[in-house]
Amino acid sequence: MKDDRPSGEAAPALVAGAGRAVLLDASGEVLRLAPRDALRALRDRAPPLLVHAPATARRLGSRGFACFDLLELFAFVHPARPAAPTPRGLALALGFEPPEGMEAAAAMLADRADLLLGHLALLRGTGAGRDAGAIAARMAAAGWTWGSAVRAALAAPAESGPDALRVWKRLPEWEDAAPRPQPTAHAVSPEAARARLAAMLGAPAEPRPMQADYAAAVAAAFAPRQARGDPHVVLAEAGTGTGKTLGYIAPATLWAETNGAPVWVSTYTRHLQRQVEAELARLYRDPNKRRARVVVRKGRENYLCLLNYEEAVAGGGADIALGLIARWIGATSDGDISGGDLPGWFAELFGPARIASLVDRRGECIHAGCFHWRRCFPEHVIRRAQGADIIVANHALTMAQAVWGGLDDHLVPTHYVFDEGHHLFDAADSAFAIALSAQEAAELRRWLLGAEGGRSRARGLRRRVEELVLGRPSLEEALASLLRAARTLPTREWMAPDGALAGPAGPGEAFLAALRAQVLARSEGEEGTLECDLHPVGPALAASAGEFARALSRIVEPAKELARLLDHRLDEEAEELDPAMRNRIEAACRSLARRVILPLTAWVDMLGAVQAQPPEPGVRQEQVLFLRLERRDGTERDAALLRHFLDPTIPFAMSLARPAQGMVVTSATLRDAGEADVETAWLDAEARVGATHLPSPAIRVVVPSAFDYWRQTQVFVVADVAPELDAVAAAYRELFLAAGGGGLGLFTAIARLRAVHARIAERVEAAGIPLYAQHVDAMDNATLVDVFRAEPESCLLGTDAMRDGVDVPGRALRLVVFERVPWARPDILHRERRIHLSGGDPQAYDARVVRMRLRQAFGRLIRAEGDRGVFVLLDRRTPSRLLSAFPVPARRVGLAEAVAATRAFLAENPVV
């Protein structure tokens, strides 16, 4: 150590890859070692410097070892600042040229550590430095390896006071503002939309006529509505590179500013939310003004709960993680702990349970009854949103906001922009589906009754509302009746490993056991997701459904009575209730409705369908009911009776679109490119977003892509690779080597992804191409994409679902390899939809689903004018009717030709 700091003179530096490691000794000697040898070498040395301890340990085949993880130091010094968790990503985050190769990466770690400690030294003697020093002292006492070095850099005392981690005391409080007046209804003309776009782009910007045409066209959604229930709807297909984000922001912001009401911009992925927020900086260049005008809304469960944090601090232990969280709390822009400015790798370093314990995922918020209510992060966001012009949210939250008439703010949107509109069908399917499952029932029991023993901090309904009912006999009796009835709900231990019922069998457990028996009797397979039709219903399931329905009804009735009596207090005591108590009562009523009354009423209705006459075979039903069992390692993880709308765009249109005044649905892939008839393609697109259920026809807009795909891309279908894993792995290996990195490999099964990774990792990394993999590396999806983006010579393996989360322009993505045709999972729900929503042609329905998926995956490849890339499909059984998904002809070739062509194309057409 030098001045209590790890440095190149005292601490080794370690970088690990697949099957190899580089250890830079304290003497300066570079050791290139196999994983086992690296672990052996570490036994006789000081803890090493490294980046991302869990990922490094996994690559070495270890469960972990003492180390100086630079990510922990970075998170302390620069909280709420993003950085990809690799040596290269760390260098880029600190403004340095990234290292090339493992040896160079190891050599830079000591310098980066000294640099970060130097940044801390600048805080000496300041209030911020004293606060940081107190936190560091607490962390050092808990055994933080960086503790001594950080305290030395800050010249901080060895001990800290009790307030070191009580950072909530320094947070600002929100203030209520006057409610907005009723908005006006002025239109946005096409000319005004073009002018706003031009102002956002600035004078030196290159003219983009297609983007201006797009902005002018979508402005039609902001015309005054002429009849209630008949919104203006614009379906806008804008090819990749059009600049559609700025294109719809232009008329949306102009309408919001002119009329005094917000426009909700809804996306499917977090990445696009961040992109929308970044693009708005072109209009609102002042960060303070942008913060006031633009708000990203997420569910309450995404934000740090200060009460949970306080309880964790009071409980002691794990002070290293809590210390870094304390630093982050003082720097975060909005407290979003899940996908916000807390780095995604934080949960990887300290475990996802640490993050989960600090958020309110159980719906237990006590609102104004909480000491932290006026400092609460989601409450800050809610109040900012009340005065914002643009509210950015995901599809699920946007639908919930409309369905519930406002979540916590009574704000019902009138104008929407749905970006990534091709996901609306699936988002609506999730939003309007209902699951009567073992997990959901056990979670409701926990929400009502609390922890019921164990170490959980679950509070239960009594603790949350006791101040609201105390001394009021009718309220106390309704609460007691509700909690007594809740004990009939199943527990989490409803099924023993041997298949027997665990503990006393109540009506809930009996129903789940009968459900399980029917699924096992009528399905094949032993593991994974097993399904069967509800009908014909077995006798045991029908009988238990009736008993369970009666038990649930006995929960619903006192819940309704409790909510009614609480609501009565709002009226009877209107002059006496202070705002905080009124807020608590209103929140309790909302929670009872959303968590108990409405879900259980739906469950009772579903159980009634179990006992009802079965529908006629082959007759279209509005809703599809079926049974599902989740089994892993021979143990039941969940059992469920599920109800989905056959066409989920019907409730979407009725509950969200019809009450709206204007709506834009936009995507690069609204229509099926493989459909020869243009009108048919549009009709299908309209059906997928619910436009066919509205009184007036949607306005159709098409803006072609700005890219020259014929010049920028090539597409190959490899015709001689067998589906066996060895052959598939060899194909991935050779294609990744031919591209020299920058490859994204997509799989339809996790087991095959892992098997291919195990077969190719060492060969690929030996060529200087880092290989990362979902479900293999100790990183979540968002972190893996950040790493992939920061490491242009790396390759990434992921499941088919990852294709929507990858937005990587430039050299970092120049090859996409799809293992198989991404057919829809042949489950019961898909079976019913291909029969009844296909217009009599189920095979065409299947093909349309696949073409859309292939087109979306292809769209990841070219994100900018200078991009070049190759798309390869390894499935030799690919039907020709699917290849029209691509904007360029797909060539069927052998693997050798595909490898040679990939190498030649990327060499002759380098990414600019």
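Trainee: Are Asp336 and Lys298 buried or exposed?

Mentor: In this predicted model, both Asp336 and Lys298 are buried. The general idea to start from is that side chains of opposite charge can pair when their charged atoms come close. Here the side chains of Asp336 and Lys298 meet in a salt bridge, with 2.5 Å from N to O, and this pair links distant parts of the chain, since Asp336 sits in the loop between helix H14 and helix H15 whereas Lys298 sits in the loop between strand S8 and helix H13, 38 residues apart.

Trainee: Which residue forms a salt bridge with Arg32, and how exposed is Arg32?

Mentor: The partner of Arg32 is Glu103, with the closest N and O atoms 2.9 Å apart. This pair, too, links distant parts of the chain, Glu103 lying in helix H5 and Arg32 in strand S3, 71 residues apart. Arg32 has a relative accessible area of 58% and is therefore exposed, while Glu103, at 32%, is partly exposed.

Trainee: Where in the chain do Arg374 and Glu173 lie?

Mentor: Arg374 is in the loop between helix H16 and helix H17, and Glu173 is in the loop between helix H7 and helix H8, 201 residues apart. Their side chains meet in a salt bridge at 3.9 Å, N to O. Arg374 is partly exposed, with a relative accessible area of 34%, and Glu173 is likewise partly exposed, at 45%.

Trainee: How many salt bridges are found in the whole structure, and which residues are linked in a network?

Mentor: A search of the whole structure gives 63 salt bridges, and a network of such bridges links Arg180, Arg196, Glu257, Arg293 and Asp389.

How values were computed. Residues numbered from 1 in each chain as written. Predicted model: local features only at pLDDT ≥ 70, side-chain atom pairs only at ≥ 80, totals over all residues. Heavy atoms only, no water. Salt bridge = Lys/Arg side-chain N within 4 Å of Asp/Glu carboxyl O. Helix = DSSP H or I, 4+ residues; strand = E, 2+ residues; numbered from the N terminus. Buried < 20%, exposed > 50% of the residue type's maximum accessible area, 1.4 Å probe, protein only.
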